[in-house]
Amino acid sequence: MDLFRLHAYAVIPQRTSAPNSSVPPIGGAIKITPDLRAVMDTNTNEARFEQRPFVDFAVDTTTRTNDTRDAVINFAMGESATAKAAAVYLADRLSTAMDRRSMPCLFVPAALKDDDLFRVILWIFPREDAFQLRDEVGGPRIEVLTDVFSQKSGHRKAAQFDGGNIKTGFLQGRVLDHQADAVSRDFADFWIGRFLQCVLSLKGEAGTRLLAKTVRQTFDALVEPAAREQLHAAVMAMRNSPQRRVSLFTFGERYLDGVAKAQFLSNVKQDHALRSSFDFDRELFDTTLQFHIFELEKGVFVSTPPSELGETVTIKGEGATRHLTCQGRIIDEKLRTRHA
Amino acid sequence: MREQVERSYREREPILNDTAKLVEDEIREALRGIPHVDRVSCRAKSLPSFIGKAFDAKNNPPYADPLSEIEDQVAARVIVFFLSDIDVIREKLLRTFNPVEAWRRRPARDEEFGYESAHLLCVLPPHLKTAAWIARDDMPTTIELQVRTIFMHAYAEPQHDTGYKAAHELPSDIRRELAWIAASAWGADHAYQRFWAWYEQREARPASPDSAA
């Protein structure tokens with residue numbers, strides 16, 4: 001796609017500023033030089049949007065409008081003045097979405113085109129202090145630069161949206177946001193929620209069901225007791241983690257390794273399903289995963305919901321010497337020819 | 001253009017069919033355990049129906065890119081027992097799908113009876129996109145979801161098969177016959193709703209000593 005429009009604005013956090021005291025963003029349209037085009041291409045390639053989570057614009061369902069989406073469309077398809085107004089609106093919106101925990105940043109909206117298809121990439125590059133060594137007549141001197149914006153910072157963020165000039169365009173995009181999984185929801189929601197006015201495309205319930213289904217498939221496919229035990233520990237860790245935003249990929253990376261991890265990841269057929277983040281729903285997870293089944297050496301089976309592990313069902317020991325104890329009042333019993 | 005669109009749609013029909021199956025399974029999972037769901041179904045739009053919609057002379061403005069713009073290429077329907085179930089199902093579906101449009105179809109005038117249904121246009125979530133869907137850049141972003149009662153369905157579905165979409169295409173006496181069916185369906189839905197409200201209230205009441213005998 002061909003980069004045809006690029007703006008840049010210095011943006012400072014103003015979410016908590018007093019009313020009527022906001023400072024307008026400084027910046028405007030930037031001439032696209034070959035060097036700048038190459039730098040933006042590199043940034044885009046390194047962002048690896050194809051591996052990033054999907055987000056959807058949270059539109060008003062009676063009008064199909066969303067202020068950020070409308071500005072993104074105007075930036076891509078409007079004439080210069082319309083595009084500038086859209087970019088200023090976005091910069092202003094970004095400023096009022098950021099509080100003092102965020103660093104001042106360089107906001108760079110970029111528009112690309114390929115035939116009838118448009119793409120908008122919104123970037124923020126955080127400000128960093130940098131040293132500059134100067135070799136001067138009186139000797140070398142270090143200058144501290146405070147107006148430098150980092151392209152490689154882990155705090156940089158980006159969002160990419162595509163579409164044509166039709167009502168189904170620019171509804172879904174991908175985001176680069178390393179803070180989106182943060183434990184603090186307020187911090188995590190700054191880029192996707194407050195600024196972009198988006199929500200995760202994989203909703204909490206759907207993602208949780210997908211995770212539970214994949215865990216079940218993995219458990220059934222694993223034969224080694226150690227691998228099954230690791231999966232079990234991963235389930236317990238996920239249930240108790242304060243980090244509620246997760247993807248199947250991060251679940252695999254964070255809690256599994258070896259055979260269990262390989263089996264788990266291979267059970268997710270689509271890469272975009274694997275990489276899509278969602279907000280974990282513990283109650284639904286327990287309901288969907290249903291029961292954990294243990295087979296004891298004398299042919300006894302114990303089925304338990306995960307929530308009872310460590311409570312009325314306890315397991316002691318490790319590996320092949322694990323022992324299970326279960327205690328509770330019997331409220332029903334069934335006679336079967338074999339275990340279900 | 002028509003031939004090209006027809007050819008492209010024929011090519012994508014297997015992708016749409018695969019996606020319809022995934023969407024139907026997802027909705028069944030999402031609604032698991034919810035009472036009063038009569039059935040869940042999902043279909044890919046047929047080629048004649050798609051072409052008919054894409055090149056309908058009444059489209060104003062005409063579709064510039066029907067392959068991307070027509071949003072019911074994959075459409076699911078949930079049929080429920082009672083009117084009060086519609087909102088329950090709708091809310092539950094919105095915990096799985098992100099909506100871009102939501103509306104309730106009903107006759108414009110109070111004294112009219114006709115087609116009724118709750119509609120949602122939602123973005124197709126990433127885990128329901130097949131590799132073939134992702135590989136094409138002209139697939140629609142959205143799918144359609146409908147929720148209606150058995151009686152709403154009983155009124156709408158037989159007519160759908162006749163292909164008549166506009167009332168003015170029908171003779172006056174036939175229009176009145178259909179209005180009578182719609183009114184009967186509307187009345188039956190409301191009567192059933194009153195029955196259900198009575199039944200729920202009765203079940204919620206603690207049993208009296210007499211009733212235990």
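Let's start with domain distance. In chain A, the C-alpha centres of domain 1 and domain 3 lie 53 Å apart. The domain bounds come from an automatic or database domain assignment. That assignment gives chain A domain 1 (2-200), domain 2 (202-289) and domain 3 (291-340).

Some ground rules. This is a predicted model: local features need pLDDT of at least 70, side-chain atom pairs count only at pLDDT 80 or more, and totals for chains, interfaces and linings use all residues. Residues are numbered from 1 along each chain as its sequence is written, and chains are lettered from A and ligands numbered from 1 in the order in which they are written.

Now confidence. The model scores ipTM 0.88 and pTM 0.86. For single residues we use pLDDT, the predictor's confidence in each residue, from 0 to 100. Chain B has a mean pLDDT of 91, and 94% of its residues reach 70 or more. Which element of chain B has the lowest mean pLDDT? Helix 8 (residues 209-212) of chain B, with 58. Strand 2 (residues 74-80) of chain B has the highest, 98. Where pLDDT is low, the predicted coordinates should not be read in detail.

Next, chain B as a whole. Chain B has eight helices and five strands. Here helices (H or I, at least four residues) and strands (E, at least two) are DSSP runs, numbered from the N terminus. From the N terminus on, the order in chain B is α-β-α-α-β-α-β-β-α-β-α-α-α. Its C-alpha atoms fill a box of roughly 75 × 45 × 25 Å, taken along the principal axes.

Two more terms. A residue is buried if 20 or more other C-beta atoms lie within 10 Å of its own, exposed if 12 or fewer, and partly exposed in between, with C-beta atoms placed from the backbone. Two residues are in contact if their C-beta atoms, placed from the backbone, lie within 7 Å. Of the 213 residues of chain B, 31% count as buried. Take the contacts in chain B with a separation of 6 or more: residues 24 or more positions apart account for 74% of them.

Look at helix 1 of chain B. A kink of about 40° lies at R12(B), shortly before the proline P14(B). The bend at a residue is the angle between axes fitted to the seven residues ending there and the seven starting there. R12(B) is also one of the buried residues of helix 1, which include Y9(B), I15(B), L16(B) and V23(B).

H36(B) is partly exposed, with 15 other C-beta atoms within 10 Å.

Further along, the peptide bond from N60(B) to P61(B) is cis, with omega near 0°. P61(B) sits in the loop between helix 2 (47-54) and helix 3 of chain B.

On to the interface. How many residues does each chain give to the contact? Chain B gives 26 and chain A gives 24. On the chain B side, the elements with two or more residues are helix 1 (2-30), helix 3 (66-69), strand 3 (98-105) and helix 5 (131-135). Strand 3 of chain B gives the largest share, five residues. By class, this side has 11 nonpolar, six polar and nine charged residues. Ala, Val, Leu, Ile, Met, Phe, Trp, Tyr, Cys and Pro count as nonpolar, Asp, Glu, Lys and Arg as charged, and the others, Gly among them, as polar.

Now the cores. A nonpolar core is a set of buried Ala, Val, Leu, Ile, Met, Phe, Trp, Tyr and Cys residues joined through C-beta atoms within 7 Å. The largest has 109 residues, and F75(A), L94(A), F107(A) and V120(A) have the most contacts inside it. Domain 1 and domain 2 of chain A both give residues to this core, so it lies between them. Another core, of seven residues, lies apart from it, with F113(B) and F151(B) among them.

Last, two loop residues of chain A. D115(A) lies between strand 4 and strand 5. Its phi is positive, about 60°, although D115(A) is not a glycine. D115(A) is exposed, with 8 other C-beta atoms within 10 Å. K152(A), in the loop between strand 6 (139-149) and strand 7, is exposed too, with 9 other C-beta atoms within 10 Å.
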